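The sequence and structure come first.

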Amino acid sequence: MLNKFTQVLTIAGSDSDGSAGAQADLKTFMARGVYGMSVLTAAVAGNSYGIHDATVMSPKFIDSQINDIKEDFKVSAFKTGMLSDSATINTVADAIADKPFGFFVLDPVIITKHGAMLLEEDAYQTLIDRLFPLADIITPNFYEAKKLSGMELNTREEIVLAAHKLQELGPKNIMIKGEHADDSIDSVEDFVLLEDGQSFWISEPYVKTDHINGTGDTLSSSIVAEVAKGQDLESAIRISKTFTYQAIKNIIDVGHKYGPINHFVKDNI
């Protein structure tokens with residue numbers, strides 16, 4: 001029975017308040033019934049009010065973590081989250097070039113859900129050059145998709161065209177997450193373009209709440225879990241969209257300001 005239990009991995013930063021990053025990934029993995037492991041690329045000191053300090057792990061330490069996972073475990077799928085700089089991105093790219101961890105979900109942590117840039121321009125380009133060609137799917141938010149495509153994304157037609165442009169950068173499959181910074185909207189619509197050319201829209205009702213930390217982490221790590229369990233990609237995406245919506249809808253009262261979503265949700269997803 002050695003290494004028979006479904007195992008997955010996140011390569012991401014640590015958020016000390018537990019709302020996002022590797023902590024949100026690991027909570028999602030457990031909620032979706034898989035065994036999660038983590039490689040930490042950075043760590044932030046923060047709480048519900050904001051982030052107040054941060055440190056980046058050395059390339060040597062990141063590489064050591066990845067090698068230790070390689071040497072012992074049978075990982076079926078994995079994701080990357082926050083990769084702080086070009087050195088980190090290159091280290092990860094070199095370590096996963098031989099596809100040791102199976103299906104690769106790349107959550108391109110480039111721009112916040114409110115439009116603030118997180119990566120320096122050189123690291124942004126390194127991410128595209130080194131990791132996009134290795135990715136089985138990328139899950140950019142609305143602002144990341146705008147920057148990556150160079151388009152305004154004001155219409156459905158523009159979003160569809162943007163997905164095709166992103167696919168030309170190397171990733172096999174694309175999921176562009178819908179804008180959700182406007183309290184006047186009724187639903188959040190995502191667009192998915194699959195490797196075989198098929199595409200679909202998927203939506204859930206918009207929830208007005210400040211408890212949305214870790215939504216992107218949760219969605220991408222849920223896709224990892226579902227693919228690792230044997231779901232086809234479309235089913236994995238649909239399950240993960242519903243799970244993330246339920247986690248947002250069923251608010252958990254933690255922190256004084258911007259809070260986490262609820263990974264305790266129980267449903268029939």
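## Two buried residues

A residue counts as buried when its relative accessible area is under 20%. The model discussed here is predicted. Thr 41 has a relative accessibility of 0% and therefore counts as buried. Thr 41 lies in strand S2, which spans residues 35–47. Leaving aside residues up to four places away in sequence, Thr 41 touches Ile 11, Ala 12, Gly 13, Val 56, Met 57, Ile 62, Met 82, Leu 83 and Thr 88.

Phe 243 belongs to helix H8, residues 233–249. With a relative accessible area of 1%, Phe 243 is buried. Phe 243 and Thr 28 are 215 residues apart along the chain, and their C-alpha atoms are separated by 9.4 Å.

## Packing of H2 and H3

Helix H2 covers residues 59–72 and helix H3 covers residues 86–96; the two pack at an angle of about 25 degrees, with their axes 9 Å apart. Angles under 35 degrees count as roughly parallel, so H2 and H3 are roughly parallel to each other. Their crossing is right-handed.

On the H2 side, the contact is made by Pro 59, Ile 62, Asp 63, Ile 66 and Lys 70. H3 contributes Ala 87, Thr 88, Thr 91, Val 92 and Ala 95. Sorted by class, the contact of H2 with H3 has six nonpolar, two polar and two charged residues.

## Packing of H3 and H4

H3 also packs with helix H4 (residues 121–131), at an angle of about 10 degrees and with the axes 9 Å apart. That angle makes H3 roughly parallel to H4. From H3, the contact involves Ser 86, Ile 89, Asn 90, Val 92, Ala 93, Asp 94 and Ile 96. From H4, Asp 122, Ala 123, Thr 126, Leu 127, Arg 130 and Leu 131 take part. The contact of H3 with H4 divides into seven nonpolar, three polar and three charged residues.

## Nonpolar cores

The largest nonpolar core has 44 residues. Leu 9, Ile 11, Ile 96 and Leu 131 have the most contacts inside this core. Not counting residues up to four places away in sequence, Leu 9 touches Phe 29, Met 37, Ser 38, Val 39, Ile 69, Val 75, Ala 77, Phe 78, Lys 79 and Phe 101. A second, separate core has 21 residues, including Phe 29, Ile 137, Val 192 and Leu 233.

How values were computed:
Residues are numbered from 1 along each chain as its sequence is written. This is a predicted model: local features need pLDDT of at least 70, side-chain atom pairs count only at pLDDT 80 or more; totals for chains, interfaces and linings use all residues. Side-chain values use heavy atoms; hydrogens and water are left out. Axes are lines fitted to C-alpha atoms, for helices over the stretch in contact, and angles run from 0 to 180 degrees between N-to-C directions. Helices (H or I, at least four residues) and strands (E, at least two) are DSSP runs, numbered from the N terminus. Angles under 35 degrees count as roughly parallel, over 145 as roughly antiparallel, 65 to 115 as roughly perpendicular and the rest as oblique. A crossing is left-handed if the near helix is turned anticlockwise from the far one by less than a right angle, and right-handed if clockwise. Contact means heavy atoms within 4.5 Å. Ala, Val, Leu, Ile, Met, Phe, Trp, Tyr, Cys and Pro count as nonpolar, Asp, Glu, Lys and Arg as charged, and the others, Gly among them, as polar. A nonpolar core is a set of buried Ala, Val, Leu, Ile, Met, Phe, Trp, Tyr and Cys residues joined through side-chain atoms within 4.5 Å. Buried means under 20% relative accessible area, exposed over 50%, partly exposed in between (1.4 Å probe, protein chains only).
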